[in-house]
Protein chains: 2
Amino acid sequence: MPVLKYYYDLLSQPSRAIYIFLKLANIPFQSCPVALRTGEHQTEDFKSSMNRFQKVPFIHHGDFKLAESVAIVRYLAREYRDLVPDKWYPAESKAQARVDEYLAWQHANTRIPCATYFFYKYIIPAMTKSPPDETELGKLESNLVTCLDQLEDLWLSPASKYIAGDSISVADIFAACELEQTRLASYDVTKNRPILKAWLERVREECNPAYSEAHAVLNKLVAKKSQSKL
Amino acid sequence: MPVLKYYYDLLSQPSRAIYIFLKLANIPFQSCPVALRTGEHQTEDFKSSMNRFQKVPFIHHGDFKLAESVAIVRYLAREYRDLVPDKWYPAESKAQARVDEYLAWQHANTRIPCATYFFYKYIIPAMTKSPPDETELGKLESNLVTCLDQLEDLWLSPASKYIAGDSISVADIFAACELEQTRLASYDVTKNRPILKAWLERVREECNPAYSEAHAVLNKLVAKKSQSKL
């Protein structure tokens, strides 16, 4: 088996998801952090030699280069099937389809609402030193609320303990990492949402210590932001 | 093997993609058209008994219900692996990962730019009988141009005959069905784009007659629109 190089930034939601998955499955990898804030991914050299999409996460597995977190997690589950516990990405066809259904759904319905809200409320004001436009922020918050409603209504209710059914899977890791990001934009996704809150606590617990390790940088920034408000 | 019921509307891009795939692979299915324009998918009964996402496409395979086109195509490739020619969804790990990479990428980078442009330029004016706002339309057209640039730059150039390499796959079917939709919004994705044009012609040819059959309703509407302008 060739060396697996994992390129990531722990402030990127899907980067954290793959990082947690790698740790939980005990897949050996060479850690290759990419600091998005320095713009090192924006050069032509990075595009031609590292990742043509100029984003994270991505992997180099020997001379095979692969981007897109969902494609990566599926590739790793195949390549390291002797290591990866079945629950994370089930081999059984219908159970796997249920995980795939969420991994497809989340692109437009979890990732975009969470990431655009975070970007507009946290990143842009940090860059421009100006507060966000309230009308636009209101629209993005409404999209985020729809996302959370759907997670509870379509995925976790009435009887599902986890996103794809009774067992935890990579779908839960992907969903949780997106929701965690909104804490930095001072949004509490668990407020008045007991189902979502209980699920998020289960996921955190079952994925620790990898989960806390992956979120250490985010947690530090959240703490710093809270202190600056005191 | 239980009966496969396929629910679709041929004016939905991913519905056409799965329809073409089913026909090309000779997978037997019961055809269950859903007319989105009549709103039959918007009832509570539809949500509880047919598809909780209230969208198309989806399948019922015996008592197993599955939505999300990407999850569906992967499930069908597994369930009907004796019927589906390998090229459409390769079993080899790296080739499959390359198809998955596109199927993950396309959600935000092909589907959203093409569908939002189409919706804003064609559907909304048809519903409101008012022309679209030019500034907003300009933004959406710019997103569509970025999508087409990336398809040529990141997927089809310099040497790739198809999206995921030298062989046609479901990635090409999904991409082509999204691009075809923009014809109804009077946008020609092949204009001044010889690489994209040659690729689209290859895909149409290799997927016929299923491709033309799936696009018959769209083609009829495009022809009707052209005539009304004469």
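This is a predicted model: local features need pLDDT of at least 70, side-chain atom pairs count only at pLDDT 80 or more; totals for chains, interfaces and linings use all residues.
Trainee: How much area do domain 1 and domain 2 of chain A bury between them?

Mentor: Start with the contacts: 19 residues of domain 1 of chain A touch 27 residues of domain 2 of chain A. Of the area buried between these domains, 69% is on carbon and sulfur atoms. On the domain 1 side, Q13(A), R16(A) and W88(A) lose the most area to domain 2, together 31% of what that side buries. The total for the two domains of chain A is about 2,000 Å².

Trainee: Which residue forms a salt bridge with K23(A)?

Mentor: Across the interface of domain 1 and domain 2 of chain A, the rule finds one salt bridge. For the K23(A) pair, the closest N and O atoms are 3.6 Å apart, and a salt bridge needs them within 4 Å. The partner is E213(A).

Trainee: Which element gives the largest share of the side of domain 1 that touches domain 2 of chain A?

Mentor: Two elements of chain A give two or more residues to that side of domain 1, namely helix 1 (13-24) and helix 3 (69-79). By class, this side of domain 1 has 12 nonpolar, two polar and five charged residues. The largest share, 10 residues, comes from helix 1 of chain A.

Conventions: Residues are numbered from 1 along each chain as its sequence is written. Chains are lettered from A and ligands numbered from 1 in the order in which they are written. Side-chain values use heavy atoms; hydrogens and water are left out. Contact means heavy atoms within 4.5 Å. Buried area is the accessible area (1.4 Å probe) that two parts lose on being put together, summed over both. A salt bridge is a side-chain nitrogen of Lys or Arg within 4 Å of a carboxyl oxygen of Asp or Glu. Helices (H or I, at least four residues) and strands (E, at least two) are DSSP runs, numbered from the N terminus. Ala, Val, Leu, Ile, Met, Phe, Trp, Tyr, Cys and Pro count as nonpolar, Asp, Glu, Lys and Arg as charged, and the others, Gly among them, as polar.
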